[in-house]
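Biologist: Could you walk me through the labels on this one, and tell me what stands behind each of them?

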Amino acid sequence: MVFFYSILDFVTYILASEKTANLYKGHTSNLIGRFKSHNGLSKKGWTVRYRPWRVVYVRFFATKSEANGS
């Protein structure tokens, strides 16, 4: 069995609304899951109003605090 480990597990990301000029900045350890949430799974919240979103920026970090502070 092979295990993959990345030292860059946390991500800061910026989304752009495809309908408006709105941008959204967030951080996560699961970019794909968060993107799905922003674009379809969530039923409430600020990002729901401006769907669909596209990812325009991604930066990887080793720690959550680094990702949060960028």
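**Rings, strands and one serine**

Modeller: Gladly! In this predicted model, ring pairs link Tyr13, Tyr24, Trp46, Tyr50 and Trp53 into a cluster. The count of aromatic pairs comes to six.

Biologist: Why is the pair of Trp46 and Trp53 called tilted?

Modeller: The ring centres of Trp46 and Trp53 are 6.0 Å apart, and rings pair if their centres lie within 6.5 Å. Their planes stand at 35°; stacked needs under 30 degrees and edge-to-face over 60, so the pair is tilted.

Biologist: And why is the pair of Tyr50 and Trp53 edge-to-face?

Modeller: Here the centres are 6.4 Å apart and the planes stand at 75°. Edge-to-face calls for over 60 degrees, so that is the label for Tyr50 and Trp53.

Biologist: What makes Trp53 count as buried?

Modeller: Its relative accessibility is 2%, and buried means under 20%, so Trp53 is buried. Tyr50 is buried as well.

Biologist: Why is Trp46 called partly exposed?

Modeller: Trp46 has a relative accessible area of 34%. Buried means under 20% and exposed over 50%, so Trp46 falls in between and is partly exposed.

Biologist: On to the strands: how do you know that E1 and E2 pair?

Modeller: Two strands pair if there are at least two bridges between them. Six bridges join E1 (residues 10–17) to E2 (residues 23–28), so they pair, and they run antiparallel. Ala16, for instance, has Leu23 in E2 as its bridge partner. E1 and E2 form a hairpin, with five residues between them.

Biologist: What makes Thr12 and Ala67 a polar contact?

Modeller: A side-chain polar atom of Thr12 lies 2.5 Å from the backbone oxygen of Ala67. The limit is within 3.5 Å, so this counts as a polar contact.

Biologist: Leaving aside neighbours within four places in sequence, which residues is Ser17 in contact with?

Modeller: Asn22, Tyr50, Pro52 and Trp53. Two of those names, Tyr50 and Trp53, bring us back to the ring cluster.

Methods. Residues are numbered from 1 along each chain as its sequence is written. This is a predicted model: local features need pLDDT of at least 70, side-chain atom pairs count only at pLDDT 80 or more; totals for chains, interfaces and linings use all residues. Side-chain values use heavy atoms; hydrogens and water are left out. Buried means under 20% relative accessible area, exposed over 50%, partly exposed in between (1.4 Å probe, protein chains only). Helices (H or I, at least four residues) and strands (E, at least two) are DSSP runs, numbered from the N terminus. A polar contact is a pair of N or O atoms within 3.5 Å; within protein, one must be able to donate a hydrogen and the other to accept it, and residues adjacent in sequence count only if both atoms are side-chain atoms. Contact means heavy atoms within 4.5 Å.
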